[in-house]
Amino acid sequence: MWLARAEEELKANPRRGDELTAELSAKPRDPTPTEDAILLIHRRRLRNAEDKANADGVAARQRGDDGAVAEAVVRAEKA
C-alpha cells in the first residue's frame, strides 16, 4: 500500500525524493510510511545512478577514453 502510493507520487513528481529530502532537512520530523517508502526508492535510484556512472567510468578507462572517464566521475559525484 505505502509502496504503491510512493510510486504514484514519484510518477506524478519525479523530483519528490529530492524535495522530501530538503523538506525533512529543513524541518526534521518523522516521515510518514509513504514518505519513508519515497525516501527508500529515492536512495536506491541514487545508488543505481552512482553504480552505473562508476561502471561506465571503468569501461571508459579500459578503452582509454579520458573524456568519458571524466564525465562518468562527474555523474558519480552528482548521484
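**Why is it called that?**

Trainee: Why does E23 count as partly exposed?

Mentor: E23 has 36% relative accessibility. Buried means under 20% relative accessible area and exposed over 50%, with partly exposed in between (1.4 Å probe, protein chains only), so E23 counts as partly exposed. Bear in mind that this is a predicted model, where local features need pLDDT of at least 70, side-chain atom pairs count only at pLDDT 80 or more, and totals for chains, interfaces and linings use all residues. Residues are numbered from 1 along each chain as its sequence is written, and side-chain values use heavy atoms, with hydrogens and water left out.

Trainee: What makes R29 and E23 a salt bridge?

Mentor: Their side chains meet at 2.8 Å, N to O. The rule asks for a side-chain nitrogen of Lys or Arg within 4 Å of a carboxyl oxygen of Asp or Glu, so R29 and E23 qualify. R29 is also partly exposed, at 36%.

Trainee: Which other residue does R75 meet in a salt bridge, and at what distance?

Mentor: E71, at 2.9 Å, N to O. E71 and R75 are four residues apart in helix 4, which means about one helical turn between them. Elsewhere, salt bridges with shared partners join E9, R16, E23, R29 and E35 into one network. The whole structure has 11 salt bridges.

Trainee: What makes A6, L10, L20, L24, A37, I38 and I41 a nonpolar core?

Mentor: The term covers buried Ala, Val, Leu, Ile, Met, Phe, Trp, Tyr and Cys residues joined through side-chain atoms within 4.5 Å. Those seven residues form the largest such core. Helix 1 (2–12), helix 2 (16–26) and helix 3 (33–63) each give two or more residues, and helix 3 gives the most, with three.

Trainee: What does I41 touch, leaving out residues up to four places away in sequence?

Mentor: L3, A6, E7 and L10, where contact means heavy atoms within 4.5 Å.

Trainee: At what angle do helix 1 and helix 3 pack?

Mentor: About 65°, with their axes 8 Å apart. Axes are lines fitted to C-alpha atoms over the stretch in contact, and angles run from 0 to 180 degrees between N-to-C directions.
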